[in-house]
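Here's a quick tour of one model, a few features at a time. Have the sequence and the 3D view open as you read.

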Amino acid sequence: RGCLERNELERAFRDHMDCCAICSENWAAEDVYRVLPKCGHCFHVECIDRWALLSAGKGKGPKCPLCNTVL
């Protein structure tokens with residue numbers, strides 16, 4: 001039908017996107033990134049740490065920005 005299921009969309013992003021989903025900056029050879037253990041999504045360390053701190057500051061449990069898995 002031309003629509004992707006969420007898991008298909010996540011797989012396509014992981015397999016074909018060459019950037020951090022938070023800042024949209026392309027990965028560079030010197031980048032340090034974090035792989036989330038429960039879902040396997042990757043982000044720049046600074047981006048995902050800031051995301052988690054902002055979420056915690058709002059009284060929410062930090063979750064993956066792509067799939068909402070609890071960190």
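## D49 and its partner

D49 counts as partly exposed, at 31% relative accessibility; on this scale, buried is under 20% relative accessible area, exposed is over 50%, and partly exposed is in between, using a 1.4 Å probe on protein chains only. Its side chain meets that of R34 in a salt bridge, 3.1 Å from N to O. A salt bridge here needs a side-chain nitrogen of Lys or Arg within 4 Å of a carboxyl oxygen of Asp or Glu. The structure holds 1 salt bridge.

The pair ties together distant parts of the chain: D49 sits in helix 2 (residues 45–57) and R34 in strand 1 (residues 33–35), 15 residues apart. Helices (H or I, at least four residues) and strands (E, at least two) are DSSP runs, numbered from the N terminus. R34 is partly exposed too, with a relative accessible area of 34%. As for why such pairs form, side chains of opposite charge can pair when their charged atoms come close.

## Ground rules

This is a predicted model, so local features need pLDDT of at least 70 and side-chain atom pairs count only at pLDDT 80 or more, while totals for chains, interfaces and linings use all residues. Residues are numbered from 1 along each chain as its sequence is written, and side-chain values use heavy atoms, with hydrogens and water left out.

## H44, tucked away

Is H44 buried or exposed? It's buried, with a relative accessible area of 7%. H44 belongs to strand 2 (residues 42–44). Setting aside neighbours within four places in sequence, H44 is in contact with C20, C23, E25, N26, W27, D31, V32 and Y33, where contact means heavy atoms within 4.5 Å.

## Pocket and cavity

Both kinds of space are found on a 1 Å grid over the protein atoms alone: a cavity is a set of points where a 1.4 Å probe fits but cannot get out, a pocket is an open set with protein on both sides within 12 Å along at least five of seven lines, and lining residues have an atom within 4 Å of a point. Grid points are joined across faces, edges and corners, and a volume is the space filled by probe spheres set on the points.

The largest pocket holds about 180 Å³. Its lining includes W51, L54, C64 and N68, and splits into 4 nonpolar, 3 polar and 3 charged residues. For these classes, Ala, Val, Leu, Ile, Met, Phe, Trp, Tyr, Cys and Pro are nonpolar, Asp, Glu, Lys and Arg are charged, and the others, Gly among them, are polar. There is 1 cavity of 30 Å³ or more, and the largest cavity comes to about 40 Å³. L36, P37, K38, C39, C64, T69, V70 and L71 line it, giving 6 nonpolar, 1 polar and 1 charged residues.

L71, one of the residues lining the largest cavity, is in the segment after helix 2 and is partly exposed at 41% relative accessible area. L71 and L36 are 35 residues apart in sequence, yet their C-alpha atoms are 7.1 Å apart in space. Not counting residues up to four places away, L71 touches L36, A52, P62, K63 and C64.

N68 also lies in the segment after helix 2, and its phi is positive, about 65°, although N68 is not a glycine. S24, another non-glycine residue, has a positive phi near 65°. S24 is in the loop between helix 1 (6–16) and strand 1, and is exposed, with a relative accessible area of 53%.
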